[in-house]
Amino acid sequence: HMLAAKGRNLGECGVLAYAKAHDATAIVDDGFARRAAQRYRVKVRGTLGLLCDAVHDGLLTVELISALADDLLEGEYRLPFLPGGFRKWAESRDLFPPGS
């Protein structure tokens with residue numbers, strides 16, 4: 001109830017409810033939603049982590065994700081790095097194999 005107070009966070013609330021009901025992993029980036037997931041014992045993964053998994057699995061390239069991240073940063077999307085900073089950010093966290 002508190003997650004969707006005043007009509008806010010409705011999308012995140014739906015994602016968490018679905019994940020909880022189906023024992024799935026919720027893909028959310030919002031800090032409030034991530035804390036709620038922890039409180040309600042819902043498995044959670046962030047978008048960047050999911051994209052790094054795709055690099056690790058050979059489904060996407062670092063260059064593709066870097067371009068996507070830069071496009072997102074041109075809008076209102078917030079990421080933990082500046083344009084052009086995806087590779088360095090991911091490598092500093094060992095999120096995909098060296099040489100990717």
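Let me start with a pair: Arg45 and Asp53 form a salt bridge, and their closest N and O atoms are 2.8 Å apart. By salt bridge I mean a side-chain nitrogen of Lys or Arg within 4 Å of a carboxyl oxygen of Asp or Glu. Arg45 is partly exposed, at 30% relative accessible area. Asp53 is partly exposed too, at 31%. The cut-offs here: buried is under 20% relative accessible area, exposed is over 50%, and partly exposed is in between, with a 1.4 Å probe and protein chains only.

A word on what you are looking at. This is a predicted model, where local features need pLDDT of at least 70 and side-chain atom pairs count only at pLDDT 80 or more, while totals for chains, interfaces and linings use all residues. Residues are numbered from 1 along each chain as its sequence is written, and side-chain values use heavy atoms, with hydrogens and water left out.

Now the overall layout. The chain has five helices and two strands. Read from the N terminus, the order is α-β-α-β-α-α-α. Helices (H or I, at least four residues) and strands (E, at least two) are DSSP runs, numbered from the N terminus. The chain has 100 residues, and 28% of them count as buried. Next, contacts, meaning heavy atoms within 4.5 Å. Take those between residues at least 6 apart in sequence: 26% join residues at least 24 apart.

Back to salt bridges. How many does a search of the whole structure find? Four. Another joins the side chains of Arg87 and Glu63, at 3.0 Å from N to O. This pair links distant parts of the chain: Arg87 sits in helix H5 (residues 86-92), Glu63 in helix H4 (residues 62-74), and they are 24 residues apart. Arg87 is partly exposed, at 28% relative accessibility.

Arg87 has a further partner. Its salt bridge with Glu91 has closest N and O atoms 3.4 Å apart. Both Arg87 and Glu91 lie in helix H5, four residues apart, or about one turn of the helix. Glu91 counts as partly exposed, at 38% relative accessibility. Through shared partners, salt bridges join Glu63, Arg87 and Glu91 into one network.

On to Lys43. You will find Lys43 in strand E2 (residues 43-45). Is Lys43 buried or partly exposed? Lys43 is partly exposed, because its relative accessible area is 43%. Which residues does Lys43 touch, leaving aside neighbours within four places in sequence? The contacts are Asp23, Ala24, Thr25 and Ala26. Look at Asp23 in particular: its backbone oxygen lies 3.4 Å from a polar atom of the Lys43 side chain. Then there is Lys20. Lys43 and Lys20 are 23 residues apart in sequence, and their C-alpha atoms are 8.0 Å apart in space.

Last stop, His56. His56 lies in helix H3 (residues 47-56). Why does His56 count as exposed? Because its relative accessibility is 51%. Now find Phe96. His56 and Phe96 are 40 residues apart along the chain, yet 5.2 Å separates their C-alpha atoms.

Technical notes. Polar contact = N/O pair within 3.5 Å; in protein donor to acceptor, adjacent residues only side chain to side chain.
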